[in-house]
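Let us walk through this structure together, one piece at a time. Keep the sequence and the 3D view side by side as you read.

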Amino acid sequence: MTEKLVEVKDLEISFGEGSKKFVAVKNANFFINKGETFSLVGESGSGKTTIGRAIIGLNDTSGGDILYEGKKINGKKSKEESAELIRKIQMIFQDPAASLNERATIDYIISEGLYNFKLFKDEEERQAKVKEIITEVGLLAEHLTRYPHEFSGGQRQRIGIARALVMKPDFVIADEPISALDVSVRAQVLNLLKKFQRELGLTYLFIAHDLSVVRFISDRIAVIYKGVIVEVAETEELFNNPIHPYTQSLLSAVPIPDPLLERQKVLKVYNPDQHDYSVDKPTMVEIRPGHFVWANQAEIARYKKEL
Ligand code: ATP
């Protein structure tokens, strides 16, 4: 039985007021099952990070609901509820160079959340927690007295992972965690994240701009275009039967390892003007079991014929 950990319903996130109001995310609908890796994929500026930040409470929402274990978490919360959510939901950032405080030791960086939420009974317990997690991510206890600049990009991302996991979260939002890393260490960091998921039963929201990166790690994928989630499906279903024309265009750009096929590949260009939503309005429709697409009635009829 799959259980939903996170549910996002008709979510809208806007910045600014009045004539300066900019709606970064609209009508977003998706859910994330406990224990799965769910990826949110779309081009730069499409609203992926904005959604991630709204789930951890860093961005306000202007409409809709975010539920965590069935309870609404956007909008007003008590101090205790906020603290509990900050511990349960942790984030790993894209650029480990920018996200670590250069003037703090690794020991302090990893311990910061523990200090903020007093998650240890004495100094001995804090040190034990930090030593355990630093070795779990493949670094050494003697690294704890050093500073971020003494580490490579891959090692810094390991520190970022340690800082998140020391909080014993249930849910981790990984915002492009490997895109700033050398190609040679990307697989190691992905494998490390996968290892923790297996051992700790973590649920991941993985944010990426490239479909080929998330194919091998995701259970399900959501595709976002200009703040609108246009398609959600299990990974292989999405790759085999992409329905929304934007998903089809993203897939047509995925590199093919065979040079001959790569040269013959036809790129599909997405034209958003092809949708006439003036009268027949779109909604998120489950077109096949577990496969959702943003479409109006006329499009659904056409997509069903094409399937
Ligand atoms: P990237 O892959 O580049 O990180 P993204 O898909 O994560 O892109 P977001 O960072 O979520 O995109 O940004 C979505 C849109 O919201 C962008 O147009 C961005 O300029 C805008 N935006 C994000 N944060 C703010 C803010 N604090 N104030 C105003 N606009 C913002």
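At 1% relative accessibility, Ile110 counts as buried, where buried means under 20% relative accessible area, exposed means over 50% and partly exposed is in between, with a 1.4 Å probe and protein chains only. You will find Ile110 in helix 4, residues 106-116; helices (H or I, at least four residues) and strands (E, at least two) are DSSP runs, numbered from the N terminus. Which residues is Ile110 in contact with, leaving aside its neighbours within four places in sequence? They are Val130, Ile133, Ile134, Leu144, Ile159, Ala162, Arg163 and Val166, and contact means heavy atoms within 4.5 Å. Val223 is another matter: it lies 113 residues from Ile110 in sequence and 33 Å away in space, C-alpha to C-alpha.

A word on how to read all this: residues are numbered from 1 along each chain as its sequence is written, and side-chain values use heavy atoms, with hydrogens and water left out. The model is predicted, so to speak of local features requires pLDDT of at least 70, side-chain atom pairs count only at pLDDT 80 or more, and totals for chains, interfaces and linings use all residues.

Now look for the open sheet of 8 strands, whose order is 6-7-8-3-9-10-12-11 with mixed pairing; two strands pair if DSSP finds at least two bridges between them. Strand 6 (89-92) and strand 11 (283-288) are at its edges, and each has a single partner strand, so one side of each is left without a neighbour in the sheet. On average, neighbouring strands of this sheet are turned by 20° against each other, direction ignored. Such axes are lines fitted to C-alpha atoms, for helices over the stretch in contact, and angles run from 0 to 180 degrees between N-to-C directions.

How many of its residues are buried? The count is 5 of the 5, so strand 3 is largely enclosed by the rest of the structure. In a regular strand the side chains alternate between the two faces of the sheet. Here Thr37, Ser39 and Val41 are buried on one side of strand 3, and Phe38 and Leu40 are buried on the other. Strand 3 pairs with strand 8 in the parallel sense over 5 bridges, and Leu40 stands opposite Ile207 there. With strand 9, strand 3 also pairs in the parallel sense, over 4 bridges, and in that strand Leu40 faces Ala222. Strand 9 (residues 220-225) is in turn joined by 6 bridges to strand 10 (residues 228-234), and these two run antiparallel. Ile224 has Ile229 of strand 10 as its bridge partner.

Next, find the open sheet of 4 strands, with the order 2-1-4-5 and antiparallel pairing. Its edges are strand 2 (22-33) and strand 5 (71-72), each with a single partner strand, so one side of each is left without a neighbour in the sheet. Strand 1 (residues 4-15) and strand 2 are joined by 8 bridges, with Val8 opposite Phe30. Helix 1 (residues 48-55) lies across strand 1, strand 2 and strand 4 (63-68), running at about 115° to strand 1.

Finally, turn to the rings. A pair of aromatic rings is described by the distance of the centres and the angle of the planes. The structure holds 8 aromatic pairs; rings of Phe, Tyr and Trp (its six-membered ring) pair if their centres lie within 6.5 Å, and planes under 30 degrees apart count as stacked, over 60 as edge-to-face and the rest as tilted. Tyr115 and Phe120 have ring centres 5.7 Å apart and planes at 80°, so this pair is edge-to-face. Tyr115 is partly exposed at 33% relative accessibility, and Phe120 is partly exposed at 21%. Together with Tyr108, they form one aromatic cluster.
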